[in-house]
Amino acid sequence: MKTANRIWVVVLMVLATLSVNANPVEEMLERIDRGASKKFKTVLLKNDGREFFELDQQGSRVVVRGHNWVDVAVGVNWYLKHYAHIHLTWNQMTAKLPDVLPPVTKREKHETTLSLRYDFNYCTFSYSMAWWDWERWEREIDWMALHGVNMPLAVVGEECVWRNMLLRLGYNEDEIGRFIAGPAFLAWWAMNNLEGWGGPLPRSWYDRQERLQKLILKRMRQWGMQPVLPGYCGMMPHDAKERLGLNVTDGGLWNGYQRPANLLPTDKRFQEIAKVYYEELTRLFGRSKYYSMDPFHESSNDSRVDYAAAGEALMAAMKEVNPSAVWVVQGWTENPRPQMLERLNPHDMLILDLFSECRPMFGSPSIWRREGGYGEFPWVFCLLENFGGNVGLHGRMDQLISNFLEATVNNQHPSPNTHLKGIGFTMEGSENNPVMFELMSELPWLPLSSESRDSVATIKEQWLERYTLARYGRHDEAISEAWRILANSIYNCPPGNNQQGPHESIFCGRPSLNNFQASSWSKMKNYYDPDDTRRAALLMASVAELYRGNNNFEYDLVDIVRQALADQARIQYQYAIADYKAFNRKQFERSSKRFLDMLLAQDRLLGTRKEFRLGHWTEAARRCGTTPEEQDQYEWNARVQITTWGNRTCADKGGLRDYAHKEWQGLLKDFYYVRWKTYFDALSQQMEHLSKPQPELLGMGVNSNKTAEELFQMALPQEVVVDWYAIEEPWTLRHNAYSAQAEGNPVDIALDICKQFF
């Protein structure tokens with residue numbers, strides 16, 4: 001028996017050694033295409049501290065050398081895109097490689113001084129990743145490696161740490177269930193915005209997330225990535241004063257929700273509570289070099305808070321876990337407050353300039369510009385790009401390139417250049433606008449110089465040609481022209497426009513006589529001609545027959561036609577409202593019907609791709625449940641997040657309704673269509689009523705006390721009053737099935753829509 005045990009110990013040790021020494025690039029290549037690893041030779045090679053990858057040829061095999069495994073993966077991706085013309089991204093992470101790969105005829109080397117490449121926003125974990133399983137996470141980690149990410153935020157299972165911590169502090173399971181939010185709202189719980197909404201979480205959820213996070217961290221560490229774990233800032237349940245005798249500040253309300261309380265880092269018991277938190281974090285998920293903390297997130301300055309002392313206390317608690325750890329903080333609104341940094345060693349900090357392409361703080365002109373940037377503190381140039389996980393074409397290509405050049409090669413501002421350490425993807429929602437993330441991921445590896453600053457347009461044009469060739473496998477002038485139009489219009493949101501993410505679809509907003517934004521916090525402002533997206537869609541459609549079966553092309557065809565149809569529907573809406581205001585009843589009937597036909601056509605178009613189907617979201621949510629009750633709870637979480645976001649107070653007054661709206665098949669037909677049909681019917685009924693004698697208004701009694709101004713306002717077209725939440729909430733409570741399986745041919749339906757509406 002002892003001999004058998006010793007044999008098992010040896011076997012396990014060998015397996016552990018093999019796991020550590022395994023080549024993650026070769027394993028990834030096999031996931032991309034079975035047998036692909038035999039077509040490459042991957043080599044680790046140090047390079048005087050500089051990150052690099054190098055492409056070469058050895059016989060029939062492509063050689064990829066790099067400073068580390070992630071750099072090698074970047075090299076593999078560079079080769080696939082720019083030699084084999086194979087583009088791997090969220091809509092396509094596998095490919096059939098040629099039997100014999102195109103040779104690298106001349107050695108090619110790329111270097112970068114930007115050694116840190118960060119990924120994710122707290123919101124991403126709820127808006128995009130709430131229901132991901134290991135299979136989906138495995139694909140994402142491959143995507144991360146291919147795009148150079150070596151420092152990902154890793155907060156899956158943070159709720160497991162908190163559950164264990166609160167149990168140790170004396171809370172019971174029911175109390176914990178009222179504190180920790182449901183799966184679709186964990187991000188805002190973690191950011192100290194709300195308690196309990198969407199919960200309570202069953203024990204099976206904690207078990208699932210703990211297992212999942214361990215798999216995620218294991219794979220990240222195999223790549224040599226440095227995961228960023230969640231640190232402790234002082235959040236506590238709002239009843240911690242009564243429950244534990246802690247001296248906490250009242251969190252107040254956030255969009256109608258109870259916010260957690262705050263235990264100030266300077267409180268005498270802070271280190272005690274923080275120690276319990278970090279012990280549980282380390283026990284479950286190990287130690288890290290990087291910890292993410294955003295104290296006083298989106299809050300006004302408080303004269304009662306000693307921010308400098310608070311910064312010291314937060315740092316001290318983190319350093320107890322790992323003396324060499326680095327605090328990662330978001331550069332967002334007031335944070336990081338200069339007072340909080342003043343007593344800290346810059347080398348212990350890393351600041352994420354979260355919205356560098358629009359509102360940089362590092363020194364480039366913007367409404368958030370900080371004189372002198374972040375001083376001596378290291379920082380990361382980030383692309384935010386998407387808010388709320390909304391569907392829509394959007395980007396700031398010129399601004400992104402210009403600000404990146406300002407940060408990296410402009411000699412007039414040496415401080416940002418000196419302390420810039422990397423780039424980051426900080427999107428609230430993922431799996432959209434791949435062109436922007438490809439551009440961002442390649443910028444650190446391009447040979448840019450100070451002379452490049454005057455040629456932003458040239459950089460963009462040349463890069464875009466390489467991108468379309470990689471994405472579709474061959475050059476096509478119609479496609480190139482379509483992308484030139486898009487790159488100079490909808491993908492070129494100008495400086496000064498602070499729009500948050502995609503131009504919102506008219507279909508997704510609560511109807512009114514003056515509908516513009518779908519979500520109240522979008523800051524949307526017109527900046528491109530809707531005819532541009534229509535022309536781009538027609539150009540893509542003109543060559544669609546040649547690209548049937550090309551996955552990347554069909555995805556983009558659907559997305560571009562979707563955008564064009566939404567833009568044309570915005571115009572059609574204006575026609576319908578003008579007909580209403582003109583009291584042209586017959587024309588209003590025709591105009592409103594055409595708008596509704598466009599909405600249903602959009603639903604049909606999006607049904608041809610899994611990525612744009614509601615079912616891919618709701619099915620994934622239900623798969624997380626181990627009982628019918630859990631499945632129903634998770635589906636409710638999924639439905640609420642993308643519609644009302646919260647309860648009636650939040651939806652009607654809190655400002656979050658439709659913040660995470662989605663142009664998805666199923667949601668369009670069963671939710672947005674119902675709202676618009678209800679509204680147009682109400683306007684039609686109002687006109688019909690006004691066209692008939694109204695006995696209740698005969699004589700002077702009704703209006704005898706009204707002023708001239710009141711009578712004037714009465715004569716204008718009147719907004720109808722609809723209790724929208726009463727229409728919306730029932731849909732969130734249903735459990736009718738939506739399939740993730742694509743239906744119909746994307747080329748056929750896209751061509752039909754172009755013919756019918758463009």
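A: The helices, marked H or I and at least four residues long, and the strands, marked E and at least two residues long, are DSSP runs that are numbered from the N terminus. Please also keep in mind that this is a predicted model.

Q: Which residue has a positive phi of about 45 degrees although it is not a glycine?

A: That is Asn 433, which is found in the loop between strand E17 (420–425) and H16. Phe 583 likewise has a positive phi, of about 60 degrees, without being a glycine, and its place is the loop between helix H20 (551–581) and helix H21 (585–606).

Q: Is Asn 433 buried or exposed?

A: Asn 433 is buried, because its relative accessible area is 1% and the cut-off for buried is under 20%. Phe 583, with 37% relative accessibility, counts as partly exposed.

Q: How many residues of helix H16 are buried?

A: In helix H16 (residues 434–442), nine of the nine residues are buried, and among them are Pro 434, Phe 437, Glu 438 and Glu 442.

Q: Switching topic: how many aromatic pairs are there in the whole structure?

A: A search of the whole structure finds 64 aromatic pairs. In one of them, the rings of Trp 197 and Trp 636 have their centres 5.2 Å apart and their planes at 65 degrees, so this pair is edge-to-face. Trp 197 lies in the loop between helix H8 (186–190) and helix H9 (203–223), while Trp 636 lies in helix H23 (residues 628–641), so the pair ties together parts that are 439 residues apart in sequence. Trp 197 counts as buried at 17% relative accessibility, whereas Trp 636 is partly exposed at 21%.

Q: And how do Phe 362 and Trp 379 pair?

A: Phe 362 and Trp 379 are stacked, with 4.6 Å from centre to centre and 15 degrees between the planes. Phe 362 is buried, with a relative accessible area of 2%, and Trp 379 is buried as well, with a relative accessible area of 2%.

Q: How many disulfides does the search find?

A: The search of the whole structure finds zero disulfides. Cys 160 is in none, and the nearest cysteine sulfur, that of Cys 624, is 13 Å away.

Q: Last one: at what angle do helix H14 and helix H17 pack?

A: Helix H14 (residues 397–408) and helix H17 (residues 456–472) pack at an angle of about 115 degrees, and their axes are 10 Å apart. The crossing of H14 and H17 is right-handed, and the contact residues include Ile 401 and Leu 405 in H14 and Ile 459 and Leu 464 in H17. The residues of this contact comprise six nonpolar, one polar and two charged.

Notes: Residues numbered from 1 in each chain as written. Predicted model: local features only at pLDDT ≥ 70, side-chain atom pairs only at ≥ 80, totals over all residues. Heavy atoms only, no water. Axes fitted to C-alpha atoms, helices over the stretch in contact; angles between N-to-C directions. Left-handed = near helix turned anticlockwise from the far one by under 90°. Contact = heavy atoms within 4.5 Å. Nonpolar A, V, L, I, M, F, W, Y, C, P; charged D, E, K, R; others polar. Disulfide = S-S within 2.5 Å. Phe/Tyr/Trp six-rings, centres within 6.5 Å; stacked < 30°, edge-to-face > 60°. Buried < 20%, exposed > 50% of the residue type's maximum accessible area, 1.4 Å probe, protein only.
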